[in-house]
Amino acid sequence: MRRRSILLIAQGSSALVVVALVAAAVASTGAQESEPRVARERLRVVSYNIRHGAGMDGRVDLDRIAEVITRLRPDLVALQEIDRGTERTDRVDQAVALGRASGLEARFGAFMSYQGGEYGMAVLSRWPILETRNHRLPDGDEPRTALTVAVRSPRGTELVFGGIHLYRTEAERLAQAQQLFDALADESRPLILAGDFNSRPGSPVLDLLARRWSILDKGADRLTFPSDAPDREIDFVMLAPQSRFRVVAQRVVDEPVASDHRPLFVELELQ
């Protein structure tokens, strides 16, 4: 009898162990299923040709431009037609002023000297800027550059963001686009180009850039210039490689007064 009792107790203990292990496994699976999926990192991008703050009403009003930018809560901003220290805009460093107003770090890329200061473009970033390059492009009616910054996201992803303002004839713009294409040919990090390309869909300039970059389709409301009665699409955001991004939202912002261009807004998810 005693041997049988010991055997029954041992068998009972084994059964309890098995039950406990099964229960733990079920609980663990349930916990995993109930845990929320980790959201991918998002990035808000704005591109805006601000015409040195001169609105369609003839007033130079940088505060009005700052309000447009701040309202969109961007992480990266490409700005075209920026003054730094010129007479016509009261010697203001517009990139620094707009960065301060929006809480973003500013970088300026000069095209040329102008009215006692400089004229060019700027990039604003919420993410830390690791490096800045102002690529000299072939001159046209005016000198031109392309301003790029390498940035690091809060989770450690590095990417390159470039601001563009091509000008003036198609031949000049094509030469500028080709040089930019070659300058970034060896870049292995994800790339975003944004700006005023002064070129329309189907043009040689956009066909060249489309060999590498995916040009985002804006949908029905695609016209960006002039802001008060838009009749052409010349501002774009481009991505490379497309597989590293998912477009969450995008739109042309209906702002008819602050500048002669309508700003672009894109929200991306980093893959």
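1. Leucine 62 counts as buried because its relative accessibility is 16% (buried means under 20% relative accessible area, exposed over 50% and partly exposed in between, with a 1.4 Å probe and protein chains only). A word on the source: this is a predicted model, where local features need pLDDT of at least 70, side-chain atom pairs count only at pLDDT 80 or more, and totals for chains, interfaces and linings use all residues. Residues are numbered from 1 along each chain as its sequence is written, and side-chain values use heavy atoms, leaving out hydrogens and water.

2. You will find leucine 62 in helix α2, residues 62-71 (helices are DSSP runs of H or I with at least four residues, strands are runs of E with at least two, and both are numbered from the N terminus). Leaving aside residues up to four places away in sequence, leucine 62 touches Ile50, Val92, Gln94, Ala97 and Leu98 (contact means heavy atoms within 4.5 Å). Its C-alpha atom is 9.2 Å from that of threonine 89, 27 residues apart along the chain.

3. Strands β3 (residues 105-114) and β4 (residues 117-125) run antiparallel and are joined by nine bridges (two strands pair if DSSP finds at least two bridges between them). Arginine 107 has valine 123 in β4 as its bridge partner. Two residues lie between the strands, and glutamine 115 takes a positive phi near 45°.

4. Tryptophan 213 sits in the loop between α5 (204-209) and β9 (214-215), and is buried, with a relative accessible area of 2%. Beyond residues up to four places away in sequence, its contacts include Phe181, Leu184, Met238 and Leu239. Leucine 239 is 26 residues from tryptophan 213 in sequence, yet 5.1 Å away, C-alpha to C-alpha.
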